[in-house]
Amino acid sequence: MGKAGKAIGLRRVNDPPLLILTSLAEGPKHGYALSQDIEQFAGVQLSPGALYGAIARLEERGLIEALPEVERRRPYRVTAAGSAELAQAMREMRRVVDVGTHRLGLLKGWLA
Amino acid sequence: MGRSIDHSDDLKWYPRSWREHYGEEFAVFLQDRYGDGPVPMSARLSMIRCGTVERLRTGGIIGSSVNADRRIRGASLLVLCAWGLFVVAGAAFAKYTEHWPLATPQVDHRMPEVAMGLVRVAAAAGVFIVLIAGLVTLPALVALVRTDGWKSMWATIRMMVVSAAVTGTAAIVIVSWNAHLSPSQSVTTPWSLRAAGVVGGLLVVAALAVCLGTVVAIVYRLRLSDQVTRVLGVLAMAMSGALVLIFAGALTWWITTAMHAPWFFGSLVPRSPSSPAPLAMVVMALTMLSGLGLAGFGTVRIAVGMGRSRCAPAPAGRTE
């Protein structure tokens, strides 16, 4: 994981920056659309402060960028750097998931 | 849509720069999520917390998103706030210990006297450092008044002037009340005067907090050169050193007095059993420790900021 990713919190599944990048990987969204999407795929309702705090950090570090406003709502999209950070975070999480799955499989085999 | 709920109150926790950038879309987001209904308390608390964090970040007190100069400035102001805590605790300490030489045996005075001398010298050094910092930033303050005008400056210092006037008036009333007590009343101070003294003390603390807040607000508006910012950083580190000495002196005085004359903290009757840790001394020590924590944190950030500003190329177009 890159320095930016570690600094803003892309390590845990429910870290707001990770949830936002995951949501934006699908396409640009404004704040409310982001929060609805995140609630749908992760079951997490981000508080207004946490959502916009994470948006500000991600934008500041160049991992997302703002698009022109549409009806006073500003959509955001993930940048190339943001995609790279997200991909790296996914790979690291995947490693943990693989190990856990593998070990659970061994455990099931032993119990059977 | 057609809804027009005013969310400006919810945004007041955030710094102006943040509100300018995200304020409008954030207000629209709140409308989209909560509609015509009230914003729940949990969401309000999250905005208070995140807005405060954002303010600290913008002020260069936490995080690494601002430049080194801003960080040094924010950390120096943090040390100034630590000094404010020491002023409060130190004033209480001075009042509490004012008659200790009379209440303890002469033979036990040497070490507490040295410790008390250290506290006085370090406290004077702290005041001197604040005055130097004031002088160093004076040209930038004059320039700010010239560019922004008195009207803008008055809006910033109004609260400070009002609180200083109220506190000053209260102090004059309490002091003249005390001066007019009869000899018999002076021995056992009336409860009303004691209560007035407590209120006066609280007013002083509040006025000091307002003054510090005003100074912080003004210093963030000053256009300081890199050199002046670094001088402020060095002064803040020197101040941290003075605060350490004050704490060490006060602690040494407390320990030595507790060892040789513990009754000073209780009944004042020589050789009578007394707790060497009265509540007042514990509160003073904890206040000083909090100040030391702030000063230590600020000093580390100044040192890091100075290291970074030495490594980074000098920014163009900075003026005083």
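Mentor: Please bear in mind that this is a predicted model. Helices α3(A) and α2(B) are oblique to each other. Their axes cross at roughly 45° and come within 8 Å.

Trainee: Which residues of α3(A) and α2(B) make the contact?
Mentor: On the α3(A) side they are A:G31, A:Y32 and A:S35, and α2(B) contributes B:E25, B:F29, B:D32 and B:R33.

Trainee: And what is that contact like by class?
Mentor: Three of its residues are charged, two are polar and two are nonpolar.

Trainee: Zooming out, how many residues of chain A are in contact with chain B?
Mentor: There are 14 from chain A, in contact with 19 residues of chain B.

Trainee: Which helix gives the largest share of the side of chain A that touches chain B?
Mentor: That is α4(A), with seven residues. Helices α3 and α4 of chain A, the latter spanning 48-60, each supply at least two residues of this side. By class, the side of chain A that touches chain B has five nonpolar, five polar and four charged residues.

Trainee: Changing topic, where is B:G134?
Mentor: B:G134 lies in helix α6 of chain B, which covers residues 110-179.

Trainee: Is B:G134 buried or exposed, and why?
Mentor: B:G134 is exposed, because 11 other C-beta atoms lie within 10 Å, and a residue counts as exposed at 12 or fewer.

Trainee: How far apart are B:G134 and B:L232 in space?
Mentor: C-alpha to C-alpha, B:G134 and B:L232 are 9.5 Å apart, although 98 residues apart in sequence.

Conventions: Residues are numbered from 1 along each chain as its sequence is written. Chains are lettered from A and ligands numbered from 1 in the order in which they are written. This is a predicted model: local features need pLDDT of at least 70, side-chain atom pairs count only at pLDDT 80 or more; totals for chains, interfaces and linings use all residues. Axes are lines fitted to C-alpha atoms, for helices over the stretch in contact, and angles run from 0 to 180 degrees between N-to-C directions. Helices (H or I, at least four residues) and strands (E, at least two) are DSSP runs, numbered from the N terminus. Angles under 35 degrees count as roughly parallel, over 145 as roughly antiparallel, 65 to 115 as roughly perpendicular and the rest as oblique. Two residues are in contact if their C-beta atoms, placed from the backbone, lie within 7 Å. Ala, Val, Leu, Ile, Met, Phe, Trp, Tyr, Cys and Pro count as nonpolar, Asp, Glu, Lys and Arg as charged, and the others, Gly among them, as polar. A residue is buried if 20 or more other C-beta atoms lie within 10 Å of its own, exposed if 12 or fewer, and partly exposed in between; C-beta atoms are placed from the backbone.
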